Amino acid sequence: MKTVEALSIRKLKDNYGAEVIGVDISAGDPDTLQEVVNTFNLHGAVLLRGQSLTPAQLLAFARGFGEPEGHTIKEHTMPGFPEIYMLSNREVDGKPIGSHRDGVGWHTDYSYKEQPVMCTMLYAVEVPAEGSDTLLADMCAAYDALPEDRRQSLDGLMVHHSYEHLMTTRLYAKRELSPELKAENPDVVHPLIRTHPANGRKALWPSSGTVKGVIGMDNPAGIDLVESLVEYATQPQFVYRHKWQVGDLLVWDNRCSLHTGTLFDDKKYIREAYRLWVKGGKPF
């Protein structure tokens with residue numbers, strides 16, 4: 001197997017993220033894919049530009065990272081590929097083909113699950129000329145920048161996450177849950193500071209949207225703490241802003257990142273992207 005150094009990379013931001021240069025994922029070379037996975041584990045995010053992938057090739061790439069994760073909402077998954085979720089404002093025969101304004105607000109995917117997803121992948125098919133950026137915040141860098149006494153005060157705190165709370169209170173695409181979805185997605189508790197299993201680094205993991213409070217703290221103090229940490233950790237020095245191009249494949253590590261989408265003029269532009277998730281483990 002080739003070494004990680006065989007890949008040509010450049011940093012996306014300071015010590016976070018890496019763009020892999022000159023790699024065609026459609027070739028399906030397992031050694032190259034393993035190098036991309038290794039780079040992801042070291043850098044928190046990987047970007048591959050200029051890709052031209054079929055759904056089957058995209059799914060094969062995701063499987064190189066682990067077992068693909070299913071989606072809580074099924075209505076916008078791709079026919080024949082339930083692991084691929086479609087994000088779009090395009091309508092066909094008066095019906096939306098994908099979820100629109102999904103993922104706006106700082107969060108980490110599936111934080112409401114006992115085992116949140118390890119990584120999120122977005123593949124750009126059609127890109128607005130302006131807007132629709134994706135922002136990634138480096139939670140390891142945010143943790144490292146905290147004073148030692150502040151780290152100690154946060155270590156050991158546990159956060160209450162709720163899918164029902166997310167879906168009934170979020171700004172866009174809110175909905176009331178069916179009894180089945182409520183039963184399938186019970187509330188969970190995760191650490192506020194988590195350890196990355198691949199490199200041992202500690203990361204802030206506050207998320208937003210799904211959070212109902214901090215265990216042992218009354219609200220609004222618990223919510224205020226989480227919101228203040230999200231505000232702190234998403235300052236410009238911790239954030240990479242991705243400007244999309246058609247053919248971009250961006251993979252970020254939910255174990256050490258927060259992310260948010262941004263809006264665009266959906267009357268003027270069409271956006272279409274495919275999202276995949278890879279299963280993760282229980283945070284610790």
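The structure is a predicted model, in which local features need pLDDT of at least 70 and side-chain atom pairs count only at pLDDT 80 or more, while totals for chains, interfaces and linings use all residues. Residues are numbered from 1 along each chain as its sequence is written, and side-chain values use heavy atoms, with hydrogens and water left out.

**Figure 1. Overview of the protein chain.** The protein chain holds seven helices and 18 strands; helices (H or I, at least four residues) and strands (E, at least two) are DSSP runs numbered from the N terminus. Its radius of gyration is 18 Å, close to the 19 Å that the globule rule gives for 284 residues, so the chain is as compact as a globular protein of that length. The radius is taken over C-alpha atoms, and the globule rule is 2.2 Å times the number of residues to the power 0.38. Along the principal axes, the C-alpha atoms fill a box of roughly 50 × 50 × 35 Å. Of the 284 residues, 50% count as buried; buried means under 20% relative accessible area, exposed over 50%, and partly exposed in between (1.4 Å probe, protein chains only). Among contacts (heavy atoms within 4.5 Å) between residues at least 6 apart in sequence, 80% join residues at least 24 apart.

Figure 2. Rolling a probe the size of a water molecule over the atoms shows where empty space is left. On a 1 Å grid over the protein atoms alone, a cavity is a set of points where a 1.4 Å probe fits but cannot get out, and a pocket is an open set with protein on both sides within 12 Å along at least five of seven lines; lining residues have an atom within 4 Å of a point. Grid points are joined across faces, edges and corners, and a volume is the space filled by probe spheres set on the points. The largest pocket has a volume of about 900 Å³. It is lined by 50 residues, and the closest to its centre are Asp102, Gly103, Val104, His107 and Arg170. Two or more lining residues come from each of β5 (81-88), β8 (119-126), α5 (163-169), β17 (257-261) and β18 (272-278). The largest share, four residues, belongs to α5. By class, the lining has 18 nonpolar, 22 polar and 10 charged residues. Ala, Val, Leu, Ile, Met, Phe, Trp, Tyr, Cys and Pro count as nonpolar, Asp, Glu, Lys and Arg as charged, and the others, Gly among them, as polar.

**Figure 3. The largest cavity.** Two cavities of 30 Å³ or more are counted, and the largest has a volume of about 80 Å³. Among the residues that line it are Asn15, Tyr16, His43, Asp138, His196 and Arg201. Helix α1 (residues 30-43) gives the largest share of this lining, three residues. The lining comprises four nonpolar, six polar and two charged residues.

**Figure 4. The second largest cavity and strand β8.** The second largest cavity has a volume of about 50 Å³. Its lining includes Leu122, Ala124, Glu126, Trp244, Arg271 and Glu272. Both β8 and β18 give two or more residues to this lining, and the largest share, three residues, comes from β8. Six of the lining residues are nonpolar, one is polar and three are charged. Val125 also lies in strand β8 and is partly exposed, with a relative accessible area of 32%. Not counting residues up to four places away in sequence, Val125 touches Val246, Glu272, Ala273 and Tyr274. Val125 and Ser52 are 73 residues apart in sequence, and their C-alpha atoms are 9.0 Å apart in space.

**Figure 5. Backbone details in two loops.** Asn219 and Pro220 are joined by a cis peptide bond with omega of about 15°. Pro220 is found in the loop between β14 (211-214) and α7 (221-233). In the loop between β7 (95-96) and β8, Arg101 has a positive phi, near 60°, in a residue other than glycine. Tyr110 is placed in the loop between β7 and β8, and its phi is about 60°, a positive value although Tyr110 is not a glycine.
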